[in-house]
Amino acid sequence: MASSVGVDDYALTRVPDSARYAWWSVAVQRFGQVSALSQFLLGATIGFGMGFWQAFLAFTLGAVILELITILVGVIGMREGLSTSMIARWTGFGRGGSALIGLAIGISLIGWFGIQSAVSAQGLVSLIGGLPEWGWALVFGLAVTAIVVRGFHSMTWTAYLTVPAFLILVGWSIISELSRHDIGALVASAPPGPQLSLLQGTTLVAGGFIVGAVITPDMTRFNRTTGDVVKQTLVGVTLGEYVIGMAGVLLAHAVSSAEITTIVTSSVGWVGLLIVIAGTIKINDWNLYSSGLGVVNFIGTVSGRKAHRGLATALLGLAGSVLAAAGILSKFTDFLTVLGVAFPPIAGIMVAEYFVVKKWRGDLEAARANGTVPEDAPLWVPATIVVWVAAALIGEFVDWGLPSINSLVVAFVLYVVAGKLGLIRGVGRSRTADADPIPAH
């Protein structure tokens with residue numbers, strides 16, 4: 001049964017060279033993630049409280065932070081050809097810790113999948129009607145699920161269609177609104193709303209995509225070289241942050257409001273609703289894809305049995321669609337926000353282990369030479385769990401600076417210090433059931 005549901009997409013094994021893609025194929029999807037409607041809304045929120053050039057500086061600082069994290073974590077994914085939750089087994093977390101990461105990714109992203117499906121359902125009711133909102137939530141969620149079940153190849157073609165459509169539609173709506181205003185006057189105008197500090201603006205930019213940055217290996221394992229990872233990150237993140245984000249800033253100044261989506265949909269009618277739907281499809285497929293990879297790793301760790309990615313994704317997509325239709329996902333928002341503070345330390349620990357401490361780096365490199373994953377992994381690494389929890393608490397409760405960056409930097413520093421003191425030690429060993437050679441292609 002499982003083998004007939006979609007493709008497994010190397011959920012628990014390395015992606016072989018023959019299955020990797022040109023950098024621009026992956027870059028389109030990265031840009032699709034960063035240029036979502038939420039980025040538009042982020043720009044409007046920042047523009048409502050900041051002048052144009054101050055907002056530009058906030059986006060620049062935020063983008064630099066995101067690009068640095070994304071490149072470092074992405075290079076690990078490209079070299080090892082493994083998903084985020086699989087790499088975590090040998091980058092400080094052990095098999096048990098990686099299962100926790102997989103579960104956190106799965107719950108977090110299926111929550112966002114449901115929320116985005118509900119948003120699109122509202123647009124579809126206005127645009128087409130015919131079905132109640134819960135009906136459109138089901139239809140939209142299941143349509144995205146069908147795309148994701150077929151794997152990375154299917155998602156690539158979806159991005160080729162939705163990313164240009166989204167950009168054309170957004171461009172049309174922006175031009176139609178801004179043509180009524182003097183751009184020079186907008187750039188020079190004071191923010192229309194309560195003032196935001198540079199620190200607050202940068203926090204919004206960096207925090208808005210930090211979870212996407214952490215799960216970068218799910219995408220970059222399909223890249224061919226380090227240069228490809230750097231190029232796609234610079235292109236995708238820079239364009240997404242500046243083109244979409246700064247357009248939102250200008251629109252906030254133009255209409256003296258942060259409610260840009262409402263203004264865009266009212267000013268260009270059904271085109272605005274298409275923007276909502278196209279923008280949601282191309283981020284929601286990645287929400288579901290990474291959720292499936294995380295849950296497959298969790299099931300494999302807990303049960304010792306290999307779950308099929310396609311089947312797991314189909315079930316998660318169905319669950320997310322039903323939750324969206326039931327309208328209960330708004331209750332999850334606070335929980336999802338808390339998870340956002342727990343994610344940055346994962347990247348800090350992975351980067352510290354892979355590039356500095358290197359306790360298990362040799363195991364990964366030896367197995368990579370044979371086209372496999374290491375035969376076993378530590379079951380738990382207690383020091384890592386302590387570092388993870390401490391860094392997350394600092395991110396949550398320390399008011400100074402950028403919460404997401406605070407937790408990431410603290411995790412990196414604490415892990416390196418623990419490594420130098422010899423405290424990074426695995427407890428127990430767990431055989432990697434899926435440590436078989438990559439099949440020939």
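Me: What makes Tyr21, Phe152, Phe222, Trp286 and Tyr289 one aromatic cluster?

Reply: Tyr21, Phe152, Phe222, Trp286 and Tyr289 form one aromatic cluster, and the term rests on ring pairs, in which rings of Phe, Tyr and Trp (its six-membered ring) have centres within 6.5 Å. This is a predicted model, in which local features need pLDDT of at least 70, side-chain atom pairs count only at pLDDT 80 or more, and totals for chains, interfaces and linings use all residues. Residues are numbered from 1 along each chain as its sequence is written, and side-chain values use heavy atoms, with hydrogens and water left out.

Me: Why is the pair of Tyr21 and Phe222 called edge-to-face?

Reply: The centres of Tyr21 and Phe222 lie 6.0 Å apart with 70 degrees between the planes, and because planes over 60 degrees apart count as edge-to-face, under 30 as stacked and the rest as tilted, the name applies.

Me: How do you know whether Trp53 is buried or exposed?

Reply: Trp53 reaches 56% relative accessibility, so Trp53 counts as exposed.

Me: Why is Val417 given its accessibility class?

Reply: Val417 has a relative accessible area of 42%, so Val417 is partly exposed.

Me: What makes Arg361 lie over the face of Tyr354?

Reply: Arg361 is at 4.1 Å from the ring centre of Tyr354, and a charge sits over a ring if NZ of Lys or CZ of Arg is within 6 Å of the ring centre and within 35 degrees of the ring normal.

Conventions:
Buried means under 20% relative accessible area, exposed over 50%, partly exposed in between (1.4 Å probe, protein chains only).
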